[in-house]
Amino acid sequence: MGETFYPWMILAIYAALGIAVAAVARQQMGAGMNEFFLANRQLGGIVSALSYAATTYSAFMMVGLAGLTYKLGVGAFGFEVTYLCGLALVVFFGPRFWLVGRRFDYLTHAQLLADRYQSRAVGIISALLCLVFLIPYAAIQLMGIGYLLAGVSQGSVGLVAAMILATVLAVIWSNMAGLRSVAWTDALQAVIMLVSSVITLCFMVYRGFGGFAEFFARMNRDIPELLSGPGLFKFNVFVGLALPWLFFSISNPQVTQRLFVPQSVKAFKQMIGGFLVFGFLYTLVSVFWGFGARLLIPDLQSADLATPALLALPIIPRLIAVIVMVGILSAAISTIDSILLSLSSMAARDILKAGFAAGMTEASELRLGKLIIPILAVVFFVFAYWAAGKSGLAFMIAPLASAASAGLLMAVPAIVGAFFWRRATAAGALGSMLGGSIVVLILQLTGTKPLGVWPGVWGLAAGILLYIAISLFTQAPAEKAEEFIGYLEKNLQKYRFI
Amino acid sequence: MSNTLRFWLIWFGFLLLIDVLFPFFLLAGIPHAKGSFLFWTCWTLLAIGSMFVIFLRWRDAPTADEG
């Protein structure tokens, strides 16, 4: 009974616990779009920190990053901490998002851009970019779950069953109380993710190697090529992967939306500090898993199987392996439900209402947003099902995640300029987003890397050039720019923001 | 742009530069955990510490927002 029973029993407990937490969150839910999608901008610091961490860290970490470390070595660590330290952007931009979000009642960053540039088209294109490029990113969460559950449960939970389970839970938790249920279940899941992964690391290091000293000694002795310089990373691969992730915190809507929700400056500080500590620990654990798997199981056919294979080893107790499986499931679902929530708010407000039904009531808008959640979830599932049947580097989880982030990167010039450059124009923002995205899409689809440089880098360079050049030759919305940037200049110092 | 903001932007730009240059060019000949792995660990702690220095100064505003 045990082999089949354990995984399903633990999954059932996890699902029931999550639904209970979401139900409690629902009791505190009020009415309206702000309430559903932003928890009325009243999230506390600890929940914000854990939710930010769970949203940001996905199946990519324990499956993709561990796999990348397994395959290419220490450069994977460098690439991931480069992302973590990209949070410096939140230290600069977070307070600006937070202040203008409250002042102008923004729900999404697409709405912020539309208002700042006084152009509905800017909001629509920005939201469409997010929709297009977040589909593969959400889909890889499902793929990660599929690989992992099938591996750890030794087939008792199949790949497709795992993806369906994750999709259904993400839809339920998003719909029950919007961001409140997502944030609360995220917080629970973040704790499961970190605790279960650290426990597994201890089992791996002490049972597999006899302690950390011997673990490092084995790394130095057996896999020196993975520790030398950036490991087996080529310079262009490293930059191509790291650059989109560096800007992740201000380009991904499920993350930028988090910048609107802390209830106070104190909560904002707790969110950033808590995330940094969580992120550093979680990154170290994921990378150690990758190195450990490389030492213990050196001949895997696919690097993405490093974690499932590691958890299937006899040195990891079966119960712990199953709990870790739930931890990774948590990481994936907490990312998917946040993406579902963000994209549905963008689809409802920034595309459908702004583009086609300006007179729509808030109640209708909310109903529409809720309706879009399951539709998007089905799209994610279909993409994941298709991609899971492919193989090769292009379909390894880490590069696929980075390709998605490369597309989202194209909104960065418009976002940065919105806060700092009064001369910036809607035409410049549109030109940079569209031009940069076209460059990225063409290079991604043709598999081309001119001069060995990855698509995101070319796309960003094109986007910046277009943004500046077009803005200089078109008319800026001077009054709005003054109101927006002037408001920030007056109020940043008051909070000692820089 | 304030001088404080300018200073921190230059500082983080410098950190970003060494994040890439050190492992690829200075530590390439050290096949050991005391090479790039140790560098990136210390680099991360330095970057995180810098962020703490910035945001620990933040406070809730004593008066209503202007504007």
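A residue is called buried if 20 or more other C-beta atoms lie within 10 Å of its own, exposed if 12 or fewer do, and partly exposed in between, with C-beta atoms placed from the backbone. Helix H17 of chain A is mostly covered by that test, with 32 of its 39 residues buried.

A word on the source. This is a predicted model, where local features need pLDDT of at least 70 and side-chain atom pairs count only at pLDDT 80 or more, while totals for chains, interfaces and linings use all residues. Residues are numbered from 1 along each chain as its sequence is written, and chains are lettered from A and ligands numbered from 1 in the order in which they are written.

Now chain A as a whole. It has 23 helices and 0 strands; helices (H or I, at least four residues) and strands (E, at least two) are DSSP runs, numbered from the N terminus. Of the 498 residues of chain A, 61% are buried. The C-alpha atoms of chain A fill a box of roughly 65 × 55 × 45 Å along the principal axes.

Back to H17(A). There is a kink of about 30 degrees, centred on A:Ala347; the bend at a residue is the angle between axes fitted to the seven residues ending there and the seven starting there.

Last, the two chains together. Contact means C-beta atoms, placed from the backbone, within 7 Å. By that rule, 35 residues of chain B are in contact with 38 residues of chain A. On the side of chain B that touches chain A, H2(B) gives the largest share, 10 residues.

Note on methods: Contact = placed C-beta atoms within 7 Å.
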